[in-house]
Amino acid sequence: MINKQDLRLIALLRKDARTSVSDLARALDLSRSTVQNRLARLQSSGIIKGYSVELGGEYTANQVEAHVSIKVHQKLTVRTNTALEAMPEVSQLYAVSGEYDLLAIVQAQSLEALSAVLDDIATLDGVERTNSAVVLETKFRR
């Protein structure tokens, strides 16, 4: 379903999703219409779900992040997931195997703000217990 040109197109978009169709066409040595058709096909098939903003600069330099393992009462999983999704500080939520049920990536502008969010998560209906690891340094991110 995906060929080498599609993979190259996706790689270019992952570097900069705002790259113009003309620039993508030049980089891929394809016509604009071919690139537009490929993009439309990748979007309609669900391979490309959307485009997002990558934050940077001083905003992210001062941000703190924690990976929070969450043990949930099984009958309240949906309610807990919905509550976590409503928290803007929770940027990602994964269902995981092992002792804990969920892994939340939490970002805040200070340690104090992070502590408050962690307290909020711990007191959510359905949360049995949590275990947090604060990120000290990001070695790389893709």
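**Exercise 1.** Determine which sense of pairing joins β1 and strand β4 (residues 127–134), and over how many bridges.

*Solution.* β1 and β4 pair in the antiparallel sense over seven bridges, where two strands count as paired if DSSP finds at least two bridges between them, and strands are DSSP runs of E with at least two residues, numbered from the N terminus. Within this pairing, K71 has R129 of β4 as its bridge partner. Next, take strand β3 (residues 102–108), which also pairs with β1 in the antiparallel sense over seven bridges; here V64 stands opposite A108. Finally, consider the cover of β1 (residues 64–72): eight of its nine residues are buried, that is, under 20% relative accessible area with a 1.4 Å probe and protein chains only.

The model is predicted, so local features need pLDDT of at least 70 and side-chain atom pairs 80 or more, whereas totals for chains, interfaces and linings use all residues. Residues are numbered from 1 along each chain as its sequence is written, and side-chain values use heavy atoms, with hydrogens and water left out.

**Exercise 2.** State whether M1 is buried or exposed, and locate M1 relative to α1 (4–15).

*Solution.* M1 lies in the segment before α1. Its relative accessible area is 77%, so M1 is exposed, the cut-off for which is over 50%.

**Exercise 3.** Identify which helix gives the most to the lining of the largest pocket.

*Solution.* Among the elements that each supply at least two lining residues are α4 (57–61) and β2 (90–95). The helix that gives the most is α1, with four residues, helices being DSSP runs of H or I with at least four residues.
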